[in-house]
Amino acid sequence: MSTPARTCDDGQVASGAVDVLVVGAGFAGMYAVLQARRHGFSVLGLEAASGVGGVWYWNRYPGARCDVESIDYSYSFDEDLQRDWTWSERYATQPEILRYAEHVADRYDLRRDYRFDRRVTAAAFDGTDANWTVTTETGECHRARWLVFATGSLSAPNRPDVPGLDDFGGLLLQTSRWPHTEVDLTGRRVGVIGTGSSGVQLIPRVAEVAARLTVFQRTANYTVPVLNRQFAPHEWNEIQRAYPERRRRSWASLAGTPHVAYHKQYAEIDEAERLAAFEARWREGGVLFGKTFDGQAVDPEINEAARRFAERKVREIVRDPQTAEDLLPSGHPVGAKRICTDSGYLETFNRGNVELVNLRRDPMVRITERGVETARASHDLDVLVLATGFDAMTGALTRIDVRGPRGDVLAHTWAHGPLTHLGLGVPGFPNLFVLTGPGSPAGLSNLPLAAEQQVNWLMELLANCRQRGIRTVEARADAAQAWTRRVDEAARATLFPRADSWYLGANVSGKPRVFMPYIGGFKPYADRCDDDRDGGYAGWHVGDVTTADAEDLAGPRSEPPAPVRGGPRTAT
Ligand code: NA7
């Protein structure tokens, strides 16, 4: 990106500048708009979609469901909202979460501050009047003092660079851009590329109706039955009663949910008790299997025990030995890629109409008009589904042409990995804030709470600036380097860097291999943010930055963090 995508003439700029411009209408963006308004700021929200919901607006594929329990995956800021909304299932489906987001938008009349169908393509900071000018694909320009990107960590689709993708003559679908009208797959020959959370949720649903389903798997991942169920009416009363304590524990937790590991340490108990603990977690269902014991994400011995347990489960369920072998994850620790949660995924491979193609043994060669060609076979398809994930954490931001007052371009600043102070600010980009992005614990935490924590902190900062008549705030380069190192060191202390995950950018070819989310925990992160505030916003330049002192303030251009681990990139 060498030239600005588009600049705005004065005539194009829509009315006057607002105080706060929020990009995105997912959970973080909606809450930012609400809180900006409640703090008395004028606010404008811009959203690429036609409605609210963020990831839940786009990911409408059959089987889409949140892998965090519904009673946790919701806002906590308003007890009336919490009391008035009833979740019908333990793990909510995409339609129900979208209804919840729409309910929140209605309840607080959020849409009046949003403009939808506005994809932001560029943002440039004007140092003379300390305002951002934000441009949309539709050619609109808006000005704002404070620019808040709530563009989501899993929002920029990853289109695989497989040769011939555009040649496919059938219906090409992507889980993260699923059509809004029903897609009838009955009696069709369907191929699915990708076996992460999206593929694992989709595949059993497709298998039920398709004439033939071919699953193209590059990496087998750990998957645990989600054991979803409807809530009984009497249960909901109990949930309501326990909510305050549940939320209190969640806010004090490492991941924004109230769950804890087994009450005894792995080393203190015998083999029978270890197996019983793994079994109990497995029967609880969902991602928590990855945290059965304290230290499971750090200690290779505990992780290996979890791996052996999961392997037994696969072999018990999948009848064909070669298929079972192919479905066994190898080469990455349990939980180092987010554990998938499924409803009958492994059982699907016992069906006569389902075939698994292990791309490690039979690599994909190209996509043709008729289907997918692998080294050993041609697979004729009517429908090809890409469940290939996201350019996670940074993709939504680096695809926007963001320019600071001293010529910094965000995509360049992050070319070797994201550099942030607390995941919130980037040196070189005054008055720009990122929510639930790299450097924050959001990708590893319960997102609604992670968003609330960051927005609350940010609005306090902005209110403080208003009170003191301060026009600019910018992350200090030294603070950002220190925080980015801390993010890196926290990851290195765990087994996470041993997997080619989206946390590391390893799923996207050409992306720097840097661990992006902060793995040190939700509560420790919130405490660190509060320390920064209590220290007078020590990690920030608070006050106007002039061109003359800018170089001095920004310090030397950042050195990219070293890759977490070397080795070849995963290839198809
Ligand atoms: P994920 O978890 O990134 O999964 C994407 C899948 O697509 C994964 O199996 C990838 O294999 C596969 N993939 C990606 N590119 C290719 C190519 N070129 N060829 C073959 N296979 C490919 O995304 P999801 O949408 O499933 O889930 C994202 C998050 O949403 C999830 O972690 C939860 O937090 C919710 P790979 O493993 O990279 O070898």
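Reader: Where is Tyr243 found?

Author: Tyr243 is found in helix α6, residues 233-251; helices here are DSSP runs (H or I, at least four residues), strands are runs of E with at least two, and both are numbered from the N terminus. This is a predicted model, in which local features need pLDDT of at least 70 and side-chain atom pairs count only at pLDDT 80 or more, while totals for chains, interfaces and linings use all residues. Residues are numbered from 1 along each chain as its sequence is written, and side-chain values use heavy atoms, with hydrogens and water left out.

Reader: Why is Tyr243 called buried?

Author: Buried means under 20% relative accessible area, exposed over 50%, and partly exposed in between (1.4 Å probe, protein chains only). Tyr243 has 2% relative accessibility, so it counts as buried.

Reader: What makes Asp80 partly exposed?

Author: Asp80 has a relative accessibility of 37%, so it falls in the partly exposed class. Asp80 is part of helix α3, residues 79-84.

Reader: What does the side chain of Asp80 make a polar contact with?

Author: Its partner is the side chain of Arg83, at 2.3 Å. A polar contact is a pair of N or O atoms within 3.5 Å; within protein, one must be able to donate a hydrogen and the other to accept it, and residues adjacent in sequence count only if both atoms are side-chain atoms.

Reader: Where does Asn353 lie, please?

Author: Asn353 sits in the loop between α10 (345-348) and β12 (354-358). Asn353 has 13% relative accessibility and therefore counts as buried. A polar atom of the Asn353 side chain is 3.0 Å from the backbone oxygen of Ala207.

Reader: Which residues are closest to the ligand?

Author: The closest are Ser198, Arg218, Thr219, Lys337 and Trp502, in a shell of 22 residues that surround the ligand. A residue is near a molecule if one of its heavy atoms lies within 4 Å of it.

Reader: Which polar side-chain atom lies 2.5 Å from an oxygen atom of the ligand?

Author: That atom belongs to Lys337. A polar side-chain atom of Arg218 is 2.8 Å from a ligand oxygen, and a polar backbone atom of Thr195 is 3.0 Å from one. The protein covers 90% of the 780 Å² of accessible area that the ligand has on its own, by the Shrake-Rupley method with a 1.4 Å probe.

Reader: How many cavities of 30 Å³ or more are there?

Author: There are seven. On a 1 Å grid over the protein atoms alone, a cavity is a set of points where a 1.4 Å probe fits but cannot get out; lining residues have an atom within 4 Å of a point. Grid points are joined across faces, edges and corners, and a volume is the space filled by probe spheres set on the points. The largest cavity holds about 70 Å³, and its lining includes Pro418, Leu419 and Thr420.

Reader: What makes Ala130 stand out by its phi?

Author: Ala130 has a positive phi of about 55 degrees although it is not a glycine. Ala130 is in the loop between β4 (120-126) and β5 (131-136). With 1% relative accessibility, Ala130 is classed as buried.

Reader: Why does Leu422 count as buried?

Author: Leu422 has 0% relative accessibility, so it counts as buried. Leu422 is in the loop between α12 (410-413) and β18 (432-434).

Methods:
1 Å grid on protein atoms, 1.4 Å probe; cavity = no way out; pocket = protein on both sides within 12 Å on 5 of 7 lines; lining within 4 Å.
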